[in-house]
Amino acid sequence: MITEDIANFIKYVKDIMSEDNVKKVEEILRNFSEDMRLNEDLGGLELKFKDLEERVSNTLSMLRRRFI
Amino acid sequence: MILKSIAIEGFKGISNRIELELSPKLTVFFGPVAYGKSSILEAILWCLSCNSLESGDWRKIQKIFEDIEIINLRKPKAEVKIEYEHNGNEYVMFAETKTEKGYGFKAYDSGIFKELSVGELEITPFVRVLTTAQIRKFEFSEDLEALNVVFGITFWKKLADSCDKLAETIHDKEREIIEKVISWKTELEKIYTGVLKRYEEIAEKIKAENISLENIKRNLKELTNEDIDQYSLDDLLSFVRQMTNPYHGKLSELEKEIRRRQNELEQLKIKCNEIESRIHKIKQTLNEIQPKLEELISQPSIEILENEVKKLEKTYRSIVEYITNLGEEKRNIESEKFRKNRELSSLRASYNRTLMLERELNTINAKLREFDDQDLDKKWEELKNKLSQLYEQKEQLEEKLGEESKIVEVIEQAIELMKDDVCIICGEKGGLTKAKERCEILKRKKEDDYKRLEEIKKEIEEHDKLLGSIEAQIKRRNELMNKAKAIQQSIDSELKRIGVNTLNELEEKINSIVDEINTLDDRISKINEEIKNKEGEKKEIYRKLREIRNKIFRVSSIRDEINSLLGKIGINAWNLSLNDLQLKINELKDELQSLESEREILHKKITEIEKSINSLKDKQRKLEIEENLFDGKKSELVRQISDLMEYEEYKEKIEELESVIDVLLQDFNKINQILREYEEKRLFYLMLSKTVKAFMSMLVRQKLDEFNELVNKFYRSLYEHPEFKEIRIKFDQRYRIAVIDSSGNEVGYEEILNTSARNAVRIAISSACSYYGLGRSEFNLLIIDEPQLYLDSKHKEKFIKDFLPLIYEKCQVILATADKEFWDYIKQYKPKEAKLYEIKSWSLKDGPMIEEVL
């Protein structure tokens, strides 16, 4: 029954979403569990920001020491 | 999956173990209230719940069973075992309590129950013990949310919730990044602005003051002859800082010379002051000593004065001794006089007292003599006799009057009885007349006697009064006699105590003592006169003594003062004779002259040194001006070099800072790119959530159409309402129950349906849940406790006859009831496979006694 509903849902989203997003939805439905680990999807961005945050913080610390 | 049998021990009201087989279609327990029916139903639910949960989820058990005491009072733990069948195979599951409170549990399942798609039983409508309280729960939309499980949309709901949560998380992250970037940019701006401001300030200063390396070098050459053409700014700064002021050394030598002269001047002044002080002291001492010395010379010597004092003291002591002896004699006479005076006072007091007593005695005797003429005793005797006679007469008359009264009374009584003039006693003719005459005579006599008696009484009264008066006078006389006797005794006793016989003798004794006292007074007067004379002599000698002693004291004081004054200037004159003292004073005068000439010389020296110091100080002031000019030029050069160096430094800093900012701006652009990517993701999840919710609503509405048909089928089989024959569950974000009237209009559920109808609605929904679940689950069980509540006889029969067959055909049903009528209908309409149990009795010790009804 659930499988039938999922098939119906994918059919439903194909009418209103882009192809890329439909693929993404299919991926989510395949891997969905109760705690929905969608955070993994954000992990790359998080790491990129962390790197930049560290660089900016270090530069600002250096500027503080040097100029204040 | 079908439950085959159940074994229960120590659970709620069931203490001893019971084992019961269950029907695949319908099992019913009948028995009075509080006989353990509900305990059996709850035991089934408990065992199923424990086996659908992890053993650590005891809080969920606590939530399902709320305040129920799971363990029986007589047992240490509760145990439930269920045997079940699935796909032709048989399995066992059991549960037992682990803790005393009863919510902790151990469970075991040999089959696949946990893997069936029933989910967690606490929210599953497929398996449900519908006690009255739990049925009532369907009034709340939260309970209706269980339909999500029935319709299988829990997945979509969780998906939508997760998407919303994720979008929210991304939004939080975006906000966090933006806040950080703003804070970084603000800080960067602050740093750059700070550096730029300082750079502009210093540049403006350099321009305004025309500061340059060439100008500095030129100014420096004017101060020093060093070759500095090749020096950098750093070299120049250290060179200028190390430059020494040439005026320092000259000033230092000059200061040393001034200090040396000042010290010399100071020493001379100290010495001059010492001489001055010595001169002043000597002059002051000589001035003070001179008059004292003259006075000392004019007085006799202390030795002569002291001899005179000794003589006068001897005379003084002999007069004092004589006065003391006179005083002693005077005190003895005064003591004798005092004794005599006391004796005289005592005798005078006795004399006065005796005299007063004698006067009183004379007065009493005069009064007693008045009684002598009256002869009171004789009068009293006569009156006493007269009174005796009168009392005797009175008694005789009273007796006579009594007799006469009795006779008159008898005659009057007889007269009353006499009709004719005949005596009633003796029969004598004319008796009545005689009797009346006799009675009249007697009455007159009686009146006379009565008058006489009154006269006697009056006479007695008068004599009594007279007798009382005489007795009072006798009493008064006796009292006076006694008093006179007592006074005479007091007089005799007083005279005897003094040692005289009469008052005259006492008077003579008093006069003799008065004479003695007068003699003593004369003697005292003479002694007093003698003492007075001697006191005068004593006083005169004492005055002379004091005068000489004052002289001695004065001479000693003058000598002490002179010695003390000389001592203050360091001359010891305490043992010197008067001549030696005069020689010492002459020596002092010589010393004074010598000191005055030395002071003159010192004054000249001091004036010379002061002049030389003033000349040196003028020189020092000129050098200090030169020195300050040099230092000012040096400081100005240092400041100019420092400003120029700072300008160069800030120029470099600005260039460095701008290059760092370029790099940071690139990083900020990268962060903006990350933010755009986050936002894209957030929008995607929001869209997905919205889509899922729309799809879920569509799905629920489709499924509700089918479900509502089923609900109404059960509702109609349970209950017949004349107007409201249809109910409908609606969904608009949440579930709600609506009632449709015969015209197809929707009306309020709570307001329209009565308790029985509402009960039927809830059972219909619960049944529909279990029934609808058949296509989606492999385990369908409906357990209802007291389903007949609020149902009338007709609907009780309808429940058994029409409703139950619909449900137990596809779903295992277990019921419990205490209603006899409902039980009878069950027995009447039960299916062939049904298992019916009747609970006959219940006790705390043994639990329920159950019999199967065949």
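## Basis of the model

The model is predicted: local features need pLDDT of at least 70, side-chain atom pairs count only at pLDDT 80 or more, and totals for chains, interfaces and linings use all residues. Residues are numbered from 1 along each chain as its sequence is written, chains are lettered from A and ligands numbered from 1 in the order in which they are written, and side-chain values use heavy atoms, with hydrogens and water left out.

## Chain B as a whole

Chain B contains 18 helices and 14 strands. Both are DSSP runs numbered from the N terminus, helices being H or I with at least four residues and strands E with at least two. Of its 854 residues, 41% count as buried, that is, under 20% relative accessible area; exposed means over 50% and partly exposed lies in between (1.4 Å probe, protein chains only).

The accessible surface of chain B is about 49500 Å², and carbon and sulfur atoms account for 48% of that. Such areas come from the Shrake-Rupley method with a 1.4 Å probe, and for residues only the protein chains shown count as cover. Contact means heavy atoms within 4.5 Å. Of the contacts in chain B between residues at least 6 apart in sequence, 75% join residues at least 24 apart.

Helix α14 of chain B covers residues 578-718, 141 residues in total. Its end C-alpha atoms are only 157 Å apart, short of the 210 Å that a straight helix would reach at 1.5 Å a residue; the expected span is 1.5 Å times one less than the number of residues. At L704(B), α14(B) bends by about 30°, the bend being the angle between axes fitted to the seven residues ending there and the seven starting there.

Helix α12 of chain B (residues 431-498) has 68 residues and reaches 99 Å from first C-alpha to last, close to the expected 100 Å. Just after α12(B), G499(B) takes a positive phi of about 95°.

Rings of Phe, Tyr and Trp (its six-membered ring) pair if their centres lie within 6.5 Å; planes under 30 degrees apart count as stacked, over 60 as edge-to-face and the rest as tilted. By this rule there are 24 aromatic pairs over all chains. In one of them, the rings of F9(A) and F695(B) have centres 4.9 Å apart and planes at 70°, so the pair is edge-to-face. This pair crosses between chains, from helix α1 (residues 2-14) of chain A to helix α14 of chain B. F9(A) counts as buried at 0% relative accessibility, and F695(B) counts as buried at 1%.

W156(B) and F695(B) are also edge-to-face, because their ring centres are 5.0 Å apart and their planes are at 65°. W156(B) lies in helix α6 (residues 154-209) and F695(B) in helix α14, so the pair ties together parts of chain B that are 539 residues apart in sequence.

## The loop residue D819(B)

D819(B) sits in the loop between β12 (812-817) and α18 (820-829) of chain B. Its relative accessibility is 17%, so D819(B) counts as buried. The side chain of D819(B) makes a polar contact of 2.9 Å with the side chain of K796(B). A polar contact is a pair of N or O atoms within 3.5 Å; within protein, one must be able to donate a hydrogen and the other to accept it, and residues adjacent in sequence count only if both atoms are side-chain atoms.

A polar atom of the D819(B) side chain also lies 2.9 Å from the backbone nitrogen of F822(B). Leaving aside neighbours within four places in sequence, D819(B) is in contact with F30(B), Q788(B) and K796(B).
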